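This briefing is written to be read beside the sequence and the 3D view.

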Amino acid sequence: MSVRKSQKEATRQRVLDAARELFETKGFDATTVREIASMAAVSVGSVFTTFSSKSDILSQVMADRLDALYAELDRLVPHLRGSTPDRLRSIFAIHYAFETRRTRLFLAHIAAAYNWTLTPSSRPYGRNQRLRLVIRDCLTEGVTRGDVDPATDLEIVVDALMASYAWTYRLAAWEDADAETMSKVMDRHIGLIASGFRPPTPANQ
Amino acid sequence: MKHVSSNIEVTGEAQVRVPTRRALAKQQTRAKVLAAARRLFSESGYEGATIRDIAAEAGMSTGAVFANFTDKSDLFREIMVADMEALVDAMRDGVARGRGVDDTLLKLFVAGYAFYKSRLPLARAAFGISWMPEQGQELRDLAPVQILQELFTEQLNLGVERGELSQEAEVKLRSQMLFDCYLANFQEAIFGGWSLEALQAKSKDQIRVILAGARRG
């Protein structure tokens, strides 16, 4: 890497670190690019040579965090044991636990999904396909293991789970709920959806 | 608590009953500001629209706007209340035409998507706001928003009464999950440009999945 390139990368990282801190403590709306630049000890101009807007910075902060989350998840998923509903519960609980380490940042990320100044490069909440894939894989394995009815429309189950997962965040936004509270709610949603995809057995037919 | 009067909030209606010329002019001004605000929120989003822009769009001074509304959130709230009340009516119409719990629930979903088809930018602004701590809470607490959610619960309860769903159908939880799906699908409408037919097909499947465990027998 050239000196110039590595300098640029260092600036980028400093800006992202400062922004992550400020978005979490002051909130996204209350934070200005000028403050981010000042905390990162770079000029406002150099922030804008790397990022197109404050939303773009948020998007990059979240992209980095999500990379870390999914790296963690990729390590953990092969070790999950138990029934498919239990595995799903673990996967969502890991998400809630990770995301509530910085709740305000995460809520800003959700709100930004509806932002008018969205740049094409941003990866807003809800249009991240990785969790969908993880959930789908878990269900497919369930079909193989025999605790998910092969007749189930997996895409629809994934959709319903994703909707529950996303909107359970309202508890964090409006009631300051912690990860454990949200996971408990989600556990019940999963149980209920699972009651619909259990394979028919002679006992419960 | 019989002694607590239930008609404390009569100020708004009193104005309607006695339409002095002054009151009429005030109403017209309010309507003009609201229409301008609706246009601008749809064009530039909630953050992007300023009171100054809204006043200019309505052809009046910012002072005149503030004489009628306390702030921008007040304007947005008024628009939401009007829309949500109309939406509740549209959903009730849909329910009246439904047969059976699946179909009636689907009518609720579709009434919502049909209502917002022509005003998706406003829905987008509302979703953005709904995640803000204070304003989100305010939106959720609006009376018509509460009724909206109750419509889902009502239909599930009727399904249990009619014997379409088991007695242990966990109505409250299922109602919440249906509402989550109803809201989540707006993402496809807003960002995916989905047609009403596509939204309807997806909702139908979601309803089936959520009710699957509650069938009798």
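Leaving aside residues up to four places away in sequence, Asp83(B) touches Arg38(B), Phe115(B), Tyr116(B), Arg119(B) and Leu122(B). The model in which these contacts are found is a predicted one. Asp83(B) lies in helix H5 of chain B, which covers residues 72-96, and with a relative accessibility of 3% Asp83(B) falls under the 20% limit and therefore counts as buried.

**The interface between chain B and chain A**

- On the side of chain B, 37 residues are in contact with chain A, and on the side of chain A the corresponding number is 32 residues.
- The area buried between chain B and chain A comes to about 3100 Å², and carbon and sulfur atoms give 66% of that area.
- Within chain B, the residues that lose the most area to chain A are Arg124(B), Trp131(B) and Val209(B), which together make up 25% of what that side buries.
- Four salt bridges are found across the interface of chain B and chain A, and a salt bridge with an N to O distance of 2.9 Å joins the side chains of Asp180(B) and Arg170(A).
- Five residue pairs are counted in polar contact between chain B and chain A, with both residues of each pair at pLDDT 80 or more.
- The elements of chain B that give two or more residues to the side touching chain A are helix H2 (21-48), helix H7 (120-130), helix H8 (133-141), helix H10 (171-184), helix H11 (186-191) and helix H12 (196-211).
- H10(B) provides the largest share of the side of chain B that touches chain A, namely nine residues.
- By residue class, the side of chain B that touches chain A consists of 17 nonpolar, eleven polar and nine charged residues.

**Helix H6 of chain A**

- In helix H6 of chain A (residues 103-112), eight of the ten residues are buried, so this helix is largely enclosed by the rest of the structure.
- The buried residues of H6(A) are Leu105(A), Phe106(A), Leu107(A), Ala108(A), His109(A), Ile110(A), Ala111(A) and Ala112(A).
- Within chain A, the buried residues of H6(A) pack against helix H1 (3-25), helix H4 (54-76), helix H5 (84-99), helix H8 (154-167) and helix H9 (170-175), and from chain B they pack against H7.

**Positive phi angles**

- Most residues other than glycine have a negative phi.
- Ala41(A) has a positive phi, near 55 degrees, and is placed in the loop between helix H2 (33-40) and helix H3 (44-50) of chain A.
- The relative accessible area of Ala41(A) is 60%, which lies over the 50% limit, and so Ala41(A) is exposed.
- Glu170(B) also has a positive phi, near 50 degrees, and is placed in the loop between helix H9 (143-161) and H10 of chain B.
- Glu170(B) has a relative accessible area of 40% and is partly exposed.

**Confidence of the model**

- The average pLDDT of chain B is 88, and 91% of the residues score at least 70.
- Residues 1-10 of chain B have a pLDDT below 50, and this stretch has zero contacts in the model beyond near neighbours in sequence.
- The model scores are ipTM 0.81 and pTM 0.84.

Note on methods: Residues are numbered from 1 along each chain as its sequence is written. Chains are lettered from A and ligands numbered from 1 in the order in which they are written. Side-chain values use heavy atoms; hydrogens and water are left out. Contact means heavy atoms within 4.5 Å. Buried area is the accessible area (1.4 Å probe) that two parts lose on being put together, summed over both. A polar contact is a pair of N or O atoms within 3.5 Å; within protein, one must be able to donate a hydrogen and the other to accept it, and residues adjacent in sequence count only if both atoms are side-chain atoms. Helices (H or I, at least four residues) and strands (E, at least two) are DSSP runs, numbered from the N terminus. Ala, Val, Leu, Ile, Met, Phe, Trp, Tyr, Cys and Pro count as nonpolar, Asp, Glu, Lys and Arg as charged, and the others, Gly among them, as polar. Buried means under 20% relative accessible area, exposed over 50%, partly exposed in between (1.4 Å probe, protein chains only). pLDDT is the predictor's confidence in each residue, from 0 to 100.
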